[in-house]
Amino acid sequence: MLTNETVKQRLVEKFGEQLKDWQEPYGMLTFAAPKEMNLKVLQFLFDDEELYFKFLADLQAVHYPERIGEELAVVYHIHNLRDNLRIRFKVYTDIKTPDVFSATALFAGANWMERETYDFFGVNFVGHPNLIRVLNVDEMDYFPMRKEFPLEDQTRIDKDDEMFGRGGTMMGFGTGMGTHHDSIAEDNKVDKSKEI
Amino acid sequence: MSEHILLPEGSIEKQTTTLNMGPTHPATHGVFQNILELDGERILEATSTVGYIHRAFEKLAERRPLYQITPLTDRLNYCSSPINNMGWHITCERLLGVTIPKRVDYLRIIIMELARISDHLICNSIVGVDSGAYSGFLYLMQYRELIYEIYEEVCGSRLTTNIGRIGGFERNFTNTAFEKLEKFLKEYPAVLKEFEKLFVRNRIFMERTIGCGPINAERALSYGFTGPNLRAAGVDYDVRVHTPYSSYEDFEFTVPVGTTGDCYDRFLVREDEMWQSLSIIEQAYKKVQEFKGTEAEVFHADAPAYYLPEKKDVYTKMEALIYHFKIVMGETDIPVGEVYSAVEGANGELGYYLISDGGRTPYRLHFRRPCFIYYQAYPELVKNGMLSDAVITMSSLNLIAGELDA
C-alpha cells in the first residue's frame, strides 16, 4: 500500500532538493516545487507505475501578498485512486509574471479549473488551449479573488477590521490604507496629476 | 462559427444553423448557455458558457466566520443542500479537532442519505420528463415533499436547510420527525418500484437513453468525473467507501457500477443508489434507536467553544453566556492550518479546501463543485448526437446551476 513516506522518498530520489516545504497537515502530504517544474513533477506522478497519481481532484490558487516574489500559489490536489492516497502539490509564482505551465495535456479536467484560476487570480497558464474568463464577465480587467480587493466598500470609516477579523492588517477596509482607487487595475489607473 | 466546422470528406457543402440553447430555456435546467452548431438536428459543435448566476461565494466566505458560511453551501447544489452543509461542518470539525459522538454521526447519515434520495429522485424523474414521460415525475414528487417535511421538522426549513451545526445539530430530532421518516421508509419502496416499472424496460425510454451521451472510464477520469456519472462509466469510486466520514464504515452497502457511461447507465446507477440509500437509512435508524434512554443520546458534540449553547442556558449560566458571546463575536480560537475534506455529494465528490491563518474567517476557501467538472465535458458528450439528445444528456448529468457557478 502506498504511503506518504514512499511518495516522498520517490520524489526526493527523482528531484532531489528542488522540492521543498514538506509537510503533512491533517495527514495529507504537501510539498512545493519551483514553478518551472510543475509539469515535470505532475508527469512523474502520473506516469510512475507505483505512484499512479492519475486523478486531478482539484486545482486552485491562493494569494499571499506578503510573500514578495511568490505571491500566488497554485495548488493541485492529486489523487491515486488505486491506493486511495491524496497529495497536495504547490507551485509559487511572482504576481508580476504569473506564468505557470498548463496541465491540460495531462488532465482534461484541468481546462476549466485553470480558466477559473485565471479568472479569479490572474494566473497565466502557458499552453492552455482557451485561457479566457469562465465565471466573470469578459470585460473585467482585474482578478477579484486577490487580497487587494476586500469585499466591502473601502471608503467606509465606520467599521474597524480590528473588531471584525484580522486586526486591521488587511489592506483597505477600515485601515485607512486603501481607497476605492486602489481596486482598479494598474494599467487603467488615471494619473490624477495630469488631469486638468 | 460555421467557417471553423469541417464537413465530412466528400459531402456537399451544407448550410449549418447556430442555435442558442439557453441561458433561460426550460430544457437547460438552469442558467446555462449552449451555443450549438447544427446540421439539421445533428450537433456538429457545441460551446458551453457559464457564470450567469455567479455569486462570489469564495470571496464572501473570506469575510464570514465558519458558522456563517453554512448558508452559502446550501446554495451550491440546492437539490441536496444537507449534504453540502454536513460536508462543510465535517471540514470545520477536522480543522478544529472536534470529535463527534456516534449518534450524531448516524443522524447525519440519515439526513445525508435522504438528501441523496431527494437529489436522485429529481434527477431521474427529470430524465423521464426530458424523454417525454411526465407521469413518473409526478409519482415521485410527493415523496420529495415528505423528505422536505422531515427536514422541516429537524431544522425548520425545506430547501436551503442550513441544517446542523459545527459539532452536531441545533436541536434534537422530534418524535414527529422519526414518524415521518418511518412513513417514508414504509411507502417509498413501492413508489420507486412503480417508477422503475415505468422506465427501466420501457422501449421508448431505452431507445432514447441507451448510447446517448456516453463517456468511457478513461475519459471520465481524465475530466475529473466522480459520483454516479463516473460510476456509470464503470469506475468503482465512492468517497463514502474510500475515505469514510461520519461513520460510514459502520454500514453495509454496495456501490452500483455501470459499464457504458451513457444516459441509461447513469439513470440505473442513480436508481440503484436510491435503494442503497434506503438500506443505509434503515440501518442508521436502527442504530439511533439503540441510543434511546442512554447517556449517549446526544445531538451535538461536547465542544462549547464552537457549538452555540442553548438560549435558556445563555440567559441563566455565565459560562454559556461567555461562549455565546465569543462564538458570535468571532473570538473563538481557530487553529492555523489547511485542510481538504471531501464528502460524497449526490452529484459526486464535493470538496472543501480550507486555509486558516488563525483569523476569525477562512483565509481562503475553495469549493470543489462536481457540476463544474462535468459541464466542461458536455460539448464532447453531445457532439455528433441529435439536438434532443443534448437535452437528455444534460439532465442525466444532473447539472445544477447553483453548484456550477458558485
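I took a polar contact to be a pair of N or O atoms within 3.5 Å, where within protein one atom must be able to donate a hydrogen and the other to accept it. With that rule in hand I looked across the interface of chain A and chain B in this predicted model, and I noted 20 residue pairs in polar contact, both residues of each pair being at pLDDT 80 or more.

I then asked which elements of chain A give two or more residues to the side that touches chain B, and I listed strand E3 (55-63), strand E4 (72-80), strand E5 (85-93) and helix H3 (110-121). Of these, E3(A) gives the most, with nine residues. Sorting the residues on that side of chain A by type, I wrote down 29 nonpolar, ten polar and ten charged.

Next I looked up the extent of the interface, and I found 49 residues of chain A in contact with 46 residues of chain B, with about 4,100 Å² buried between the two chains, 55% of it on carbon and sulfur atoms.

For charged pairs, I recorded five salt bridges between chain A and chain B; I looked up Glu62(B), which forms a salt bridge with Lys147(A), their closest N and O atoms being 3.1 Å apart.

Last, I turned to chain B itself, which has 17 helices and six strands and whose C-alpha trace spans about 85 × 45 × 35 Å along its principal axes. I compared its radius of gyration of 23 Å with the value near 22 Å that a compact globule of 406 residues would have, and the two agree. I also noted that 59% of the 406 residues of chain B count as buried.

How values were computed:
Residues numbered from 1 in each chain as written. Chains lettered and ligands numbered in written order. Predicted model: local features only at pLDDT ≥ 70, side-chain atom pairs only at ≥ 80, totals over all residues. Heavy atoms only, no water. Contact = heavy atoms within 4.5 Å. Buried area = accessible area lost by both parts, 1.4 Å probe. Salt bridge = Lys/Arg side-chain N within 4 Å of Asp/Glu carboxyl O. Polar contact = N/O pair within 3.5 Å; in protein donor to acceptor, adjacent residues only side chain to side chain. Helix = DSSP H or I, 4+ residues; strand = E, 2+ residues; numbered from the N terminus. Nonpolar A, V, L, I, M, F, W, Y, C, P; charged D, E, K, R; others polar. Rg over C-alpha atoms; globule rule 2.2 N^0.38 Å. Buried < 20%, exposed > 50% of the residue type's maximum accessible area, 1.4 Å probe, protein only.
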